[in-house]
Amino acid sequence: MIYEIEELTFSYPGSDRKVLDKASLNLGEGQILCILGPNGAGKTTLLNCMAGLLKPQSGRIRLLGKALETMREKDIARIAGYVPQLHTPAFDYRVLDFVLMGRSPQMGAFGRPKAEDEAISLAVLESMGIGHLAEKSYRNISGGERQQVLIARAIVQQPKVVLFDEPTAHLDYGNQHRVLERIRQMAGEGFSVVITTHNPDHALLLGDQAAIVSRDGSIVQGSSEEIITEETLRRIYGIDLQLLWVEELGRKACLVPGLDKEQGDTESWSQ
């Protein structure tokens, strides 16, 4: 088992609200876990706890059987790569240099990148179809391109698991599907993947495990087929989403009914 999370509870300082309340989930080798939930439910908080960036008040996280709180940051980074939703660079770098930084967990304390590290970084950029960005300034590429570069930097760590916080949020439709295809490829190559998303159709496309983070801080996990239901989607998003079998696609798809004034009321926004 890659991750074992039991009875996790987390609140931010100064707040009485439990963002996560006795939340539990597991992630196996080569599995894809899609985490869905309404805005503010705690999806990003959960990922930050899994990456060791936040410390929960109670509960247990085990990574490859080891208690996360006993592990050094570098040891966690060798196993778990993390792709944040947004990233603003403090300094300007070539894209290749920025991706090359992902190799640091594989180096010694005073290690310097070698030719092998640069070759791995270039190969990942090429595999994602963004090799042409290697010599460009990281600050001067588009938001969508920057998101893909962040993914490349996580992959070159060669971790066991990659945690993606809404990796398609700033990508156009074509690049969204390229990222999802890359995630499927990663699972086929033995990576485990955790992805937060607001798009239930992405979870259906990936078709493995799904988890719902509720506003009360609880988590329900299971196969995408059993977890993603019309009733659950209505509860999460406050609109009448429909799951229909599309014969031409050979799968279920999440579809939105025609727009009407009733579905645009303010009550649905407050849920």
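Is Ile79 buried or exposed? With a relative accessible area of 13%, Ile79 is buried, where buried means under 20% relative accessible area, exposed over 50%, and partly exposed in between (1.4 Å probe, protein chains only). The model is predicted, so local features need pLDDT of at least 70 and side-chain atom pairs count only at pLDDT 80 or more, while totals for chains, interfaces and linings use all residues. Residues are numbered from 1 along each chain as its sequence is written, and side-chain values use heavy atoms, with hydrogens and water left out.

Ile79 belongs to helix H2, residues 73–79. Helices (H or I, at least four residues) and strands (E, at least two) are DSSP runs, numbered from the N terminus. Leaving aside residues up to four places away in sequence, Ile79 touches Leu63, Leu64, Met71, Pro159, Lys160 and Val161; contact means heavy atoms within 4.5 Å. From Ile79 to Pro167 the C-alpha to C-alpha distance is 19 Å, with the two 88 residues apart in sequence.

The next topic is the sheet. Six strands form an open sheet in the order S6-S7-S8-S3-S9-S10, with mixed pairing. Two strands pair if DSSP finds at least two bridges between them. Strand S6 (80–83) and strand S10 (219–223) are at the edges with a single partner strand each, so one side of each has no neighbour in the sheet. From one strand to the next, the twist averages 15°. Axes here are lines fitted to C-alpha atoms, for helices over the stretch in contact, and angles run from 0 to 180 degrees between N-to-C directions.

Within this sheet, strand S3 (residues 32–36) and strand S9 (residues 209–213) are paired in the parallel sense over 4 bridges. Cys34 has Ala210 in S9 as its bridge partner. S9 also pairs with S10, in the antiparallel sense and over 5 bridges, and there the bridge partner of Ala210 is Gly222. S9 and S10 make a hairpin with 5 residues between them, and Gly217 in the turn has a positive phi of about 90°.

Helices pack on the sheet. Helix H5 (residues 143–156) touches S6 and strand S7 (161–165), and its direction makes about 170° with that of S6. Helix H6 (residues 173–188) lies across S3, S7 and strand S8 (192–196), running at about 150° to S8.

Other strand pairs involve S1, S4 and S5. Strand S1 (residues 3–10) and strand S4 (residues 58–63) pair in the antiparallel sense over 5 bridges, and Glu4 stands opposite Arg62 in S4. S4 pairs in the antiparallel sense with strand S5 (residues 66–67) over 2 bridges, where Leu63 is opposite Lys66. The hairpin of S4 and S5 has 2 residues between the strands, and Leu64 takes a positive phi near 50° in it.

Ser24 is in strand S2, residues 20–27. Its relative accessibility of 30% makes Ser24 partly exposed. Not counting residues up to four places away in sequence, Ser24 touches Ile5, Glu6, Glu7 and Ile219.

The nonpolar cores come next. A nonpolar core is a set of buried Ala, Val, Leu, Ile, Met, Phe, Trp, Tyr and Cys residues joined through side-chain atoms within 4.5 Å. The largest has 48 residues, and those with the most contacts inside it are Ile32, Leu125, Val149, Phe164, Ile183, Ile195 and Ile228. H5 gives the largest share of this core, 7 residues. Among the residues that Val149 touches are Val95, Phe98, Leu133 and Tyr138. Another core, of 31 residues, lies apart from it and includes Leu8, Ala23, Ala41 and Cys49.

The structure also holds 3 aromatic pairs. Rings of Phe, Tyr and Trp (its six-membered ring) pair if their centres lie within 6.5 Å; planes under 30 degrees apart count as stacked, over 60 as edge-to-face and the rest as tilted. Phe10 and Tyr12 have ring centres 4.7 Å apart and planes at 85°, so this pair is edge-to-face. Phe10 is buried at 4% relative accessibility, whereas Tyr12 is partly exposed at 35%. Tyr93 and Phe98 form a tilted pair, 6.5 Å centre to centre with 45° between the planes. Here Tyr93 is partly exposed, with a relative accessible area of 29%, and Phe98 is buried, at 2%. Ring pairs link Tyr93, Phe98 and Tyr138 into a cluster. Over the face of Tyr138 lies Arg146, at 5.2 Å from the ring centre; a charge sits over a ring if NZ of Lys or CZ of Arg is within 6 Å of the ring centre and within 35 degrees of the ring normal.
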